Amino acid sequence: HGSLATIEIPEASGVQAVMRRLSGATRDMVSQNRDLESELRKSTEEITTLQQRLEQARRDALTDGLTGIGNRRCFDLALAEHGARAATGHAELCLILIDIDHFKRFNDAYGHRIGDQVLRVVGMKLKEIAQPNDTPARYGGEEFALLTLNTRFEAAMERADSLRNALASNVLRNKQTGDNYGQVTVSMGVARFRPTDSLESFVQRADTALYQAKREGRNRVISEAA
């Protein structure tokens, strides 16, 4: 007979030791996987939080703190973006410039707190008449602006007069004291972007119409063609 190979069978204690080591290694791997998953979730949550904070910071940088609508930077960015589209004929763009009539009187007669409230009221009403593609903004001081995208000039004029009526038909009153601060009226100039326009000439035509409205007695809307 040929020689037979000998197969050694580990003792039971040896098998158990191997199984214990395998079991321990498996537990370690599971534990490590859990730790990695936990770290991954934590990192994902941190990234999401950072993205939210960045988005909020971006919104804050473009928002007027007093009125809650766009600020001048927001207006300038929207004007550049929409103006570029309008210059190629891919969009119709109108601009409404708004100035609060006799705003200094509110501040002088009732103080800056009431003046701030007047600004908030105008900002709120401007936001109410704005369409989804519009950009309402505080242009500076007591001046506001509304960029209307893909809106006919006649419709922009109607929207401006709607704002004028909404403000002039109400009396500003202190709810607690009953004090009457009078009407808030605005003067407005409206212009339509032309293919040959620069952004400066577009804004200037609206500004010229605005000051014509003030010269003619305030509380009115004047178009660039008037």
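# Exercises on helix packing, cores and aromatic pairs

Leu79, Ala80 and Gly83 of helix α2 meet Leu199, Phe202 and Val203 of helix α6, where contact means heavy atoms within 4.5 Å. The model is predicted: local features need pLDDT of at least 70, side-chain atom pairs count only at pLDDT 80 or more, and totals for chains, interfaces and linings use all residues. Residues are numbered from 1 along each chain as its sequence is written, and side-chain values use heavy atoms, with hydrogens and water left out.

## Exercise 1

Describe how α2 and α6 pack.

*Solution.* Step 1: α2 covers residues 72-87 and α6 covers residues 199-215; helices (H or I, at least four residues) and strands (E, at least two) are DSSP runs, numbered from the N terminus.

Step 2: the helices pack at an angle of about 110 degrees, with axes 11 Å apart. α2 is therefore roughly perpendicular to α6, a class that takes angles of 65 to 115 degrees.

Step 3: by class, the contact of α2 with α6 has 5 nonpolar, 1 polar and no charged residues.

## Exercise 2

Identify the largest nonpolar core and the elements that build this core.

*Solution.* Step 1: a nonpolar core is a set of buried Ala, Val, Leu, Ile, Met, Phe, Trp, Tyr and Cys residues joined through side-chain atoms within 4.5 Å. Buried means under 20% relative accessible area, exposed over 50%, partly exposed in between (1.4 Å probe, protein chains only).

Step 2: the largest core has 29 residues, and Ile98, Ile100, Leu126, Phe144 and Met188 have the most contacts inside it.

Step 3: two or more residues come from each of β1 (93-100), α3 (103-110), α4 (112-129), β3 (143-149), α5 (153-168) and β6 (186-192). The most, 7 residues, come from α4.

Step 4: another core, of 19 residues, lies apart from this one and includes Leu79, Leu147, Ala206 and Leu210.

## Exercise 3

Classify the ring pairs Phe106 with Tyr110 and Phe193 with Phe202.

*Solution.* Step 1: rings of Phe, Tyr and Trp (its six-membered ring) pair if their centres lie within 6.5 Å; planes under 30 degrees apart count as stacked, over 60 as edge-to-face and the rest as tilted. The structure holds 4 such pairs.

Step 2: Phe106 and Tyr110 have ring centres 6.5 Å apart and planes at 45 degrees, so the pair is tilted. Both residues lie in α3, 4 residues apart. Phe106 is buried at 7%, whereas Tyr110 is partly exposed at 39%.

Step 3: Phe193 and Phe202 have ring centres 5.3 Å apart and planes at 80 degrees, so the pair is edge-to-face. Phe193 is buried at 10%, and Phe202 is buried at 0%.

Conventions. Axes are lines fitted to C-alpha atoms, for helices over the stretch in contact, and angles run from 0 to 180 degrees between N-to-C directions. Angles under 35 degrees count as roughly parallel, over 145 as roughly antiparallel, 65 to 115 as roughly perpendicular and the rest as oblique. Ala, Val, Leu, Ile, Met, Phe, Trp, Tyr, Cys and Pro count as nonpolar, Asp, Glu, Lys and Arg as charged, and the others, Gly among them, as polar.
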